[in-house]
Structure formats: C-alpha cells, structure tokens
Amino acid sequence: MNKLGFGLMRLPWAEDKTWNNIDLEKTRQMVDAYMEQGFSYFDTAWVYHGGASEKVFGELVAKRYPREKFQVTTKMPLWDVKTEADLDRIFDEQLKKCCVDYFDFYFLHAMGKDRFEQAEKLHAFEWMQKKKTEGKILHPGFSFHDSPEVLEWALSRHHKEVELIQLQINYIDWESNDVASRRCYEIAAGKYNKWISVMEPLKGGSLAQVTPSAASLLKAACPDLSIASWGIRYAASLENVIVVLSGMSNMEQLKDNMSYMKEFKPLSQDEKSTVEKAGEIIKSSILVPCTGCRYCTDEANGGCPKKINIPEFFKLYNAQNQYSLSDGLKWNYKEACKKGASPADCIACGHCMRHCPQKIQIVDELKKVRQIFG
C-alpha cells in the first residue's frame, strides 16, 4: 500500500445542495487519477461533509472499482451513540453508504478522555473485536485528539484491542505543548508498536502556503519540490507510519502529492534539519493553530449554533499577521460576513470549543478577529 492516503473531508466544492456542495465530477476525476497511479487508501467518516463523504466514497470508489483495489477507513461517532445498539445501527448504515461488506480499518472517532470513558461504558472496544471476528473490520483502531498522558492511559488499557492509531503529526506540532505530536507518536509507535495513520500533515493546508522566509529556505533546499511536499514527506518518513492523509480539494493538489509520493523517498538528515528550521520560522507567525477541520461548525457534531464560519475567519486572521492586513483580506472578511454570521454574532456558548481538536480558545480568539478587522 502506498503511503499517500486520500482524505475525503475537503472535497471540491460546488453549488449543489443535494450532496452538501461536493462537486461530484471533479471528485470522480481525482479518484480516477489517484487509482490510475496505483494509490489505494481512502479515509472517510460519518460526519465529513455533513454526512455525505461516506456516500461519495461508495458511489465513486466502491461501486466503480474491484474491492481488492482499495482500502477504506471510516469512524464511529461516539457523540451520536447513546446505547450499545446504536453501534450496530450506525455501523450497518456506514457499510451501506460506503457500499462495502467490510472496512479495512475502522476507528473510534476523535477520541479523548471523556470519549474513552464513554467507549468503555458502551463496550465499544469489545464491539470492534466482535466485528473483527465477523470479518467486518480487518484492523480496529481509533483517531486521537488529546494529551500524551491520556493516550498512555488509553493504550495501557486497550493496546491489545487496537492495531492502528490516527495521530495529528506535522513539523509544526512535533514539539508543541497542545498537540504534542512527538510524545504521542513515541507512545503509540515506540512503546506500544502500533501502526500510525497521520492526519493533518499540512495542518489544514497552512503548511502548503508558508511565510515568504520559510518558503525561501525550503525552495533553496529543493527547488523542484512544492512547499507542501515537505509536510507530507516529513510525516511519511517516520517509522510505523503506514499512511499519510491529505485532504485534497483539487486536481492540482492531487497531482503534486502523487509526483513525490509514488516513488517515496524519506527525508535525509539535511532535509530534516531544513524543515525543522522552516518550522521555527512559521511557528513565530501563526496566531491561531486552526486546521480547518470544521468540527467546531459541523451541525451533526453539535457545532456553532450561530453558524459562524470559524475556520475561515481564523484563516484570514492568521494571514493578516503573516502578510499584513491588505485591502484584499479586508474584502474577503466582509464577504465572509455576508455569507453567514460574523464573529460579532458569537454568543460565547462554548459549543465550538468542546469539539476543537486543537484546544483553541475560540470565543476569545473571535474577539481578537473582530478587533483586527473591525
């Protein structure tokens, strides 16, 4: 299996309410190009694209390609699970939406301390083992959003029941206090010898368009490679990493990723040193570490009741710090406000913060956005 995974959470956009604004034709073209080059791993989830992502996978991949030609991962949304019976109900619906008889990998989604405790009450780990025995899950695991201490606690109790762990790993978060990529990786891959699936290797796309000084450093080292390639290759170079997910939104991004991942070469020691230096430059300019995952706004996940486009406003906020507050950014801010609620509409309910994997103090940061953009 090639290490480049197709993450189905940031698909091409179109003005089409039927499929939650997913451009199906552009997505089909991307799927076909990806498969034609010998790539095969797809990552979806119950909540991605408002619930449409799994259906898109079923229609554009599972119905069109032989089962042995692809691997698929989806995830159990424990926030929608009240009883043990809900596990089977949701799982059966996922099989139907994805048009498959089994999942190659299956995760408990976005796990933290509270959800691990919920999973134990629901016997969710035992449930995954039952599905494995039935042949409906080949490799059980979980995606993780919490501290290294919580990961150690969870694996000390459930390491025999999981084979793959999805971690947020990128060269910005490797030594961060909030995400703590290195410490989580060392626990999962080092101490417990688990396979690793990497999410957010480009931190929601922010490592594809870095500050000019960081970009100059990376381009000087490898003129023929894109800025984004450094983030993907950095994560893919780690031991025990079997796949690095990229939430690709257009054919250009896909072709770029495939160009250096088809014949993947791990980072050399000099390249690793270069990317670490670039990371220090970038970290000094990021005000809000938002990845654009949209958990804070997803209605199915109990997100913002005012429908504020939080990731878009944080993207503009970071951009003004990196590139100065231009007329273009001011215009983009006004346009974003016209399309829905603005930061001024925030009621400080805290729904967004309960779902943020990055632990961002969103209410306070939105106040800062208002101060900058007016």
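Predicted model: local features only at pLDDT ≥ 70, side-chain atom pairs only at ≥ 80, totals over all residues.
Let me begin with Asp32 itself, which lies in helix H1, spanning residues 24–36, and which is buried because its relative accessible area of 10% falls under the 20% cut-off.

Now, which residue meets Asp32 in a salt bridge? The partner is Arg28, with a distance of 2.8 Å from N to O, and the two residues, four apart in helix H1, are separated by about one helical turn. Arg28, for its part, counts as partly exposed at 25% relative accessibility, whereas Asp32, as I said, is buried.

A search of the whole structure finds 23 salt bridges, and I would like to set two others beside this one. In helix H7, residues 181–191, Glu186 and Arg182 are likewise four residues apart, and their side chains meet in a salt bridge of 3.1 Å, N to O; here Glu186 is partly exposed, with a relative accessible area of 39%, and Arg182 is partly exposed as well, at 24%. In helix H11, residues 269–283, Glu280 and Lys283 are three residues apart, again about one helical turn, and the closest N and O atoms of their salt bridge are 2.9 Å apart, with Lys283 partly exposed at 30% relative accessibility.

To return to Asp32, salt bridges that share partners join Glu25, Arg28, Asp32 and Arg64 into one network.

Note on methods: Residues numbered from 1 in each chain as written. Heavy atoms only, no water. Buried < 20%, exposed > 50% of the residue type's maximum accessible area, 1.4 Å probe, protein only.
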